[in-house]
Amino acid sequence: MRLHRALLVSAFAVLISPGAALAQDAPEPPGIAAEDQIVFAGSVTVPRGQRVGEVVVFSGRVTVNGVVTGDVVVLEGTVTVTGQVNGSVIAADGVVTLAESARVGGDVFSSDSVLARPGAKVGGESRSGVRFSFEGPLVALGKLLGPIAVSVSVLLAGLALLFLAPRAADATAEAMASAPLASVAWGLLVVIAVPVAAVALVISVLGLPLGLALFLSLGLWWLVGLTWAAWCAGRGLVRAPRGRVKAFLAGWAILAAIGLVPILNAALWTLAPPLGVGAMLVAAWRSRQGGGRRGRHRARTRASTDDAIEAGIA
């Protein structure tokens, strides 16, 4: 759409036109090719019989008596056309006046009003009271910023955990697969117990620093739990002995995709972290208990007398 093109011209005018002027009132010398007229504060006048390229004014006034081969964009100020504009005329905060002899090949948009005298011709659309705002795209982007930020955080945290504690990652995935109910139970216990303990410490006044620290740690618990949940989901799809990174990326891709769905992402971010934290705690408990097959320390056995004599220790 020509409106989008005109707005892009105003946004990148300084970059694409290094010879932009701070103010422009005098006509260009004859024999020189039409140049863009970029003005930060001032006015641009295109005399009759003269040609220019794009006209962009950030704050000021534009009067077109000659020919503008591109667009006319004024962010704050008025536009008066008695000559010809091959592109569009945009007044983001001002009035556009078209004389009887005005010829505009594109659209004419104004946040205020478009005053067109009889005889003025507009090749495109002419609209008054147009709201020039990026609110719509920014709102749509804002809705995606949260899921994108969470996905990036989980990706970085997961890669860091796999690099720093690969065996712990394997133990967590094994705990999730072999003891899902225990993982859920421990996760729910942490989700309930940590906030309750933090509130109790804050109320006790003396434990205020520790209570605040616990509250602040909830974000870390949440991120670690979500990361372990992504890892366990990926390891469930990509079985060992395939690479850990491939498994984690598979699970992370699933969580990232679900995170883009408005309602499902809330359910995912609520349920997955406790499950991941629970699996981590179960894996830690098993590690403390020697994998569940034996005690923490191996039982000592005493060599027989004959073996001790042969070994020279009796």
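Student: What makes strands E4 and E7 a pair?

Tutor: The model is a predicted one. Strand E4 (residues 67–68) and strand E7 (residues 84–85) run parallel and are joined by two bridges. A pair requires at least two bridges, so E4 and E7 count as paired. Within this pairing, Val 68 stands opposite Val 85 in E7.

Student: To which sheet do E4 and E7 belong, and in what order do its strands lie?

Tutor: They belong to an open sheet of five strands, in the order E2-E4-E7-E10-E13, with parallel pairing.

Student: Why are E2 and E13 called the edge strands?

Tutor: Strand E2 (51–52) and strand E13 (121–122) each pair on one side only, and this is what identifies them as the edge strands.

Student: How do you know that E3 pairs with E1, E5 and E6?

Tutor: The criterion is again at least two bridges. Nine bridges join E1 to E3, in the parallel sense, and Gln 37 stands opposite Val 55 in E3. Three bridges join E3 to strand E5 (residues 72–74), also running parallel; here Val 57 has Val 74 in E5 as its bridge partner. Three bridges likewise link E3 with strand E6 (residues 79–81), again parallel, and Val 62 stands opposite Val 79 in E6.

Student: How many aromatic pairs does the structure hold, and why is the pair of Phe 40 and Phe 58 called stacked?

Tutor: The structure holds one aromatic pair. The ring centres of Phe 40 and Phe 58 are 5.3 Å apart, which is within the 6.5 Å limit for a pair, and their planes lie at 15°, which is under 30 degrees, so the pair is stacked.

Student: What parts of the chain does this pair tie together?

Tutor: Phe 40 lies in strand E1 (residues 37–46) and Phe 58 in strand E3 (residues 55–64), so the pair ties together parts that are 18 residues apart in sequence.

Student: Why are helices H4 and H8 called roughly perpendicular?

Tutor: The axes of helix H4 (residues 166–178) and helix H8 (residues 262–288) come within 8 Å and cross at roughly 105°. That angle falls in the range of 65 to 115 degrees, and H4 and H8 are therefore roughly perpendicular to each other.

Student: What makes H6 roughly perpendicular to H7?

Tutor: Helix H6 (residues 208–237) and helix H7 (residues 244–259) pack at an angle of about 115°, with their axes 7 Å apart. Since the range for this term is 65 to 115 degrees, H6 counts as roughly perpendicular to H7. The crossing of H6 and H7 is right-handed. Among the residues in contact are Leu 226 and Trp 231 in H6, and Phe 248 and Trp 252 in H7. The contact of H6 with H7 divides into eleven nonpolar, three polar and two charged residues.

Student: Where does Pro 241 lie, and what kind of peptide bond joins Ala 240 and Pro 241?

Tutor: Pro 241 lies in the loop between H6 and H7. The peptide bond joining Ala 240 and Pro 241 is cis, with omega at about 15°. For comparison, most peptide bonds are trans.

Conventions:
Residues numbered from 1 in each chain as written. Predicted model: local features only at pLDDT ≥ 70, side-chain atom pairs only at ≥ 80, totals over all residues. Heavy atoms only, no water. Helix = DSSP H or I, 4+ residues; strand = E, 2+ residues; numbered from the N terminus. Axes fitted to C-alpha atoms, helices over the stretch in contact; angles between N-to-C directions. Parallel < 35°, antiparallel > 145°, perpendicular 65-115°, else oblique. Left-handed = near helix turned anticlockwise from the far one by under 90°. Contact = heavy atoms within 4.5 Å. Nonpolar A, V, L, I, M, F, W, Y, C, P; charged D, E, K, R; others polar. Phe/Tyr/Trp six-rings, centres within 6.5 Å; stacked < 30°, edge-to-face > 60°.
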